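Visitor: Hello! Could you walk me through this structure, one piece at a time?

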Amino acid sequence: MRYLNIASTVRAEEALKKIGVDWTGLQSMLPKMKTFNILLEEIECKVANILKQEMLSIGGDVAVARESVACSIDHTDAILIGTEKQMGRLAEKLSQQPFGLRQIAKDIKRVLSNLSRDAFLLRTPKREISIAPGKTLIMGILNITPDSFSDGGIFSTVEDAVEHALRMEEAGVDIIDIGGESSRPGSEPVSVDRELKRVLPVIERLSGLISVPISIDTTKAAVAHRSIEAGAEIVNDISAMRFDEGMPEVIASHGVPVVLMHMRGTPGTMQAGDLSYRSLMGEIIGFLEDRMDSAQAAGIDIENIIVDPGIGFGKSTTDNIAIINSLKEIRTLGRPILVGASRKRFIGDITGKIRPEERLEGTSAAVTASILNGANIVRVHDVEFIKKVATVADEIK
């Protein structure tokens, strides 16, 4: 279940056609979808029909596949259409009913509650990090790698890396994200020892020099553990803690925030756009919800979880655009949203700029759109420039 972001009649029509609404139903429902919409995927037809009856009784509607009315198919997607108040009334009506409707009632209430959140407070062992409306946080990228797609090899010495971090702090960065292993498509994995040799000296030097929190970009529990001991306060794990079974315990025991990112496959094998999705946003949100549940089961505080839809990780240019357009749907999870679109290949595909460092203007547009659509944190290379972009986008929002 998720909030469905319908920003135009075209998108409303696409959503209705995708679930198989007949022509008559499509024409009657299009005007109603300007209010508030919640999408349920793959529910039993008898459940969908009950939902439709109950929603019609309170002045709303439910869009279902044309065959579901006669239950000639087993399952259908369904769009609850109405006002937020009607959604709340529907949840109350369903709360005592069978066929899984009680759980649907709970899920509706959870979605409504999560969508109402616009402020968060992350807690590290050293500080509290406030995420509030009108103030997008800037996460500056510092790759200590020879092969990252954009800045590999640039900061190969501790001195160069520290100097760049200090420049980012002066430019107004809110978090510095340090990584010692490239995640570009086709990249080679590195050992724990090599990754530690790259990142630890920089973290140790910076922890006593800068006032902003350091994030460690790693999928390895040992690297996260040693980095936190050296001064890192956030773990940014592109695998969402799937590549190393020890990662949840490290994060829980240290009490640090974690970024959970959506990705299929591994960085070394996947290619942009080589995966198809039945429901792109449905998979992303379902995946992140599952990883959040796993994190909480391991003792990680839900208030210390950040979610990232994984721009560029196994997604096509069309997919990446759809994600940015639909960021509001990820608010269904009730967690801060991080977006990392900086210099990504899809920007080059659109603008014709082959080299990553030529994609600043495209990055600016992607960052602006992400902020207007719900991003709380943007992960970028060009901190000084993007800080100004984000400031204006925040003011417009």
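Guide: Helices (H or I, at least four residues) and strands (E, at least two) are DSSP runs, numbered from the N terminus. Axes are lines fitted to C-alpha atoms, for helices over the stretch in contact, and angles run from 0 to 180 degrees between N-to-C directions. Contact means heavy atoms within 4.5 Å. This is a predicted model, where local features need pLDDT of at least 70, side-chain atom pairs count only at pLDDT 80 or more, and totals for chains, interfaces and linings use all residues. Residues are numbered from 1 along each chain as its sequence is written, and side-chain values use heavy atoms, with hydrogens and water left out.

Visitor: In what order do the four strands of the open sheet come?
Guide: Two strands pair if DSSP finds at least two bridges between them. The pairing here is antiparallel. The edge strands, S1 (2–3) and S3 (61–64), each pair on one side only. The order is S1-S2-S4-S3.

Visitor: Which residue in S2 is the bridge partner of Tyr3?
Guide: S1 and S2 (residues 36–44) run antiparallel and are joined by two bridges. The partner of Tyr3 in S2 is Ile38.

Visitor: At about what angle to S2 does helix H3 run?
Guide: Helix H3 (residues 45–57) lies across S2, S3 and strand S4 (75–82). Its direction relative to S2 is about 150 degrees.

Visitor: How do the directions of H4 and H5 relate, roughly parallel or roughly antiparallel?
Guide: The axes of H4 (residues 84–94) and H5 (residues 101–115) come within 8 Å and cross at roughly 150 degrees. Angles under 35 degrees count as roughly parallel, over 145 as roughly antiparallel, 65 to 115 as roughly perpendicular and the rest as oblique. That crossing therefore makes H4 and H5 roughly antiparallel.

Visitor: How many nonpolar residues are in the contact of H4 with H5?
Guide: Among the residues that meet are Met87 and Leu90 in H4, and Ile104 and Ile108 in H5. Ala, Val, Leu, Ile, Met, Phe, Trp, Tyr, Cys and Pro count as nonpolar, Asp, Glu, Lys and Arg as charged, and the others, Gly among them, as polar. Besides one polar and four charged residues, the nonpolar count is nine.

Visitor: Is Met241 buried or exposed?
Guide: Met241 sits in the loop between strand S10 (234–237) and helix H9 (247–254), and has a positive phi of about 70 degrees although it is not a glycine. Buried means under 20% relative accessible area, exposed over 50%, partly exposed in between (1.4 Å probe, protein chains only). At 4% relative accessibility, Met241 is buried.
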